[in-house]
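Biologist: Could you bring up the model, so that we can go through it together?
Modeller: Here it is.

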Amino acid sequence: MSDALKVALLGCGTVGGAVLRLLSEQSDDLAARVGRRIEVAGVAVRRPDRHPEVPADLLTTDAHALVTRPDVDLVVEVIGGIEPARSLLLAAIGAGKSVVSANKALLADDGVALHAAASEAGVDLYYEAAVAGAIPLLRPLRESLAGDQLRRVVGIVNGTTNYILSRMAETGAGFGEALAEATELGYAEADPTADVDGFDAAAKAAILASLAFHSPVTAADVHREGISAVSATDVARAAEIGCTVKLLAICERVTGADGADDGVAVRVHPAMIPTTHPLAAVGGAFNAVFVEAEAAGELMFYGRGAGGEPTASAVLGDLVAVARNRLAGAAGPGTTGYAGLTVRPMADTPTRYHVSLDVADVPGVLATVAQEFAAHGVSIATVRQDGHGDAATLVIVTHRAPDSALAATVSRLREMSAVRGVTSVLRVEGLS
């Protein structure tokens, strides 16, 4: 083999350290797969003294100088965040380096600009590790399914929230108790905001929607709700109708009243799904994504969605791909935004609700409640009354209607004298 391909590694935390170790342990196999040895040219970190396991001659605090070095061929970025990652990747691309990134926040925020820069420079920008860890997902969407029309992508893309909701379902625990357990076991960060408030999943949803529907979607376009308001009562109510609660990233192509394409809807929120749905069986900190395509039908991608080694596996898969392209003298397939579909507001997106109401068990209550749904153009699919007297509960599942109409109905129900309280409100997915 001739001269090795040189890689600059930005960041050496949990993922970066695993990447560095795997590059060393698998160097012979990687060389055989690529056709050229891959060598680390340098590792950019903020505090070199915190990385005694890395040879001192590889460590540097000058990341910009590293990514623009003439001898560097490829750049791997695993530092996360928007800056300095954005400036460093643009500098690397401008210097003719192909880039592999695990930075979901950056790709969801500035993916269009980064792809444009990579296309102009004739280099690759790959980021399989940015969504769902080790699960091969983005490249199948971008390449394997390039000849198909995707209609819907629905996924569990955050392991922390899936672990919490799984424990709530298994043990009957409340959100706070399940979160404390997740933190103790290392599934949740000391500050879990990005996970439990849905920011992490929203960034991944934006990336998935952009690839699936060939239209630019940013994290700001994604409707986002977290799981902190999900109660043990919500989870119990779901079980009563044969469902479980999951935090879902939902990306779907939506149509107007005349049947013409009207855009895409991209949302992240907790939802009840039937226990018969493939996503319902995804427990613990695992991730899974369910894809619905016109010709291919239904596809399921499942695996470990986080962690140093699973994420490093995805990084190395991308690294092998861009290294091969580098040797071939051409960049691989990039993203396309030709469709230019608009992102439909959540208010206009058709959804279904599951609503539990505490009501007084007196004549006419059900009719009064049903009239309020009808007044907002919302059709009721099922209704059940439990208990009697002061302990009466109405459980209502609606048909699909614009989310704004459903939200307005619930808001009005809270004001009705016949309703003592709205105890549970969750969206429902996957019910016929």
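Biologist: Which residues of helix α4 are buried?
Modeller: In helix α4, which spans residues 85–94, the buried residues are Ala85, Leu88, Leu89, Ala91, Ala92 and Ile93. Buried means under 20% relative accessible area, exposed over 50% and partly exposed in between, with a 1.4 Å probe and protein chains only. Helices are DSSP runs of H or I with at least four residues, strands are runs of E with at least two, and both are numbered from the N terminus.

Biologist: What do the buried residues of α4 pack against?
Modeller: They pack against the strands β1 (5–10), β4 (74–77) and β5 (98–101), and also against the helices α3 (63–67) and α5 (104–121). Contact here means heavy atoms within 4.5 Å.

Biologist: And what follows α4?
Modeller: Gly96 follows α4, and its phi is positive, near 85°.

Biologist: Before we go on, what should I know about the model itself?
Modeller: It is a predicted model, in which local features need pLDDT of at least 70 and side-chain atom pairs count only at pLDDT 80 or more, while totals for chains, interfaces and linings use all residues. Residues are numbered from 1 along each chain as its sequence is written, and side-chain values use heavy atoms, with hydrogens and water left out.

Biologist: Switching topic, how many helices and strands does the protein have?
Modeller: The protein has 14 helices and 17 strands. Its radius of gyration is 24 Å, close to the 22 Å that the globule rule gives for 432 residues, so the protein is as compact as a globular protein of that length. That radius is taken over C-alpha atoms, and the rule is 2.2 Å times the number of residues to the power 0.38.

Biologist: How is the protein divided into domains?
Modeller: Domain 1 covers 5–133 + 308–328, domain 2 covers 144–303 and domain 3 covers 346–428, with bounds that come from an automatic or database domain assignment. Taken over C-alpha atoms, the centres of domain 1 and domain 2 are separated by 28 Å. The contact between them takes ten residues from domain 1 and twelve residues from domain 2.

Biologist: One more, Glu372: buried or exposed?
Modeller: Glu372, which has its place in helix α13 (residues 365–375), is buried, with a relative accessible area of 14%. Leaving aside residues up to four places away in sequence, Glu372 touches Thr409, Arg412, Leu413 and Met416.
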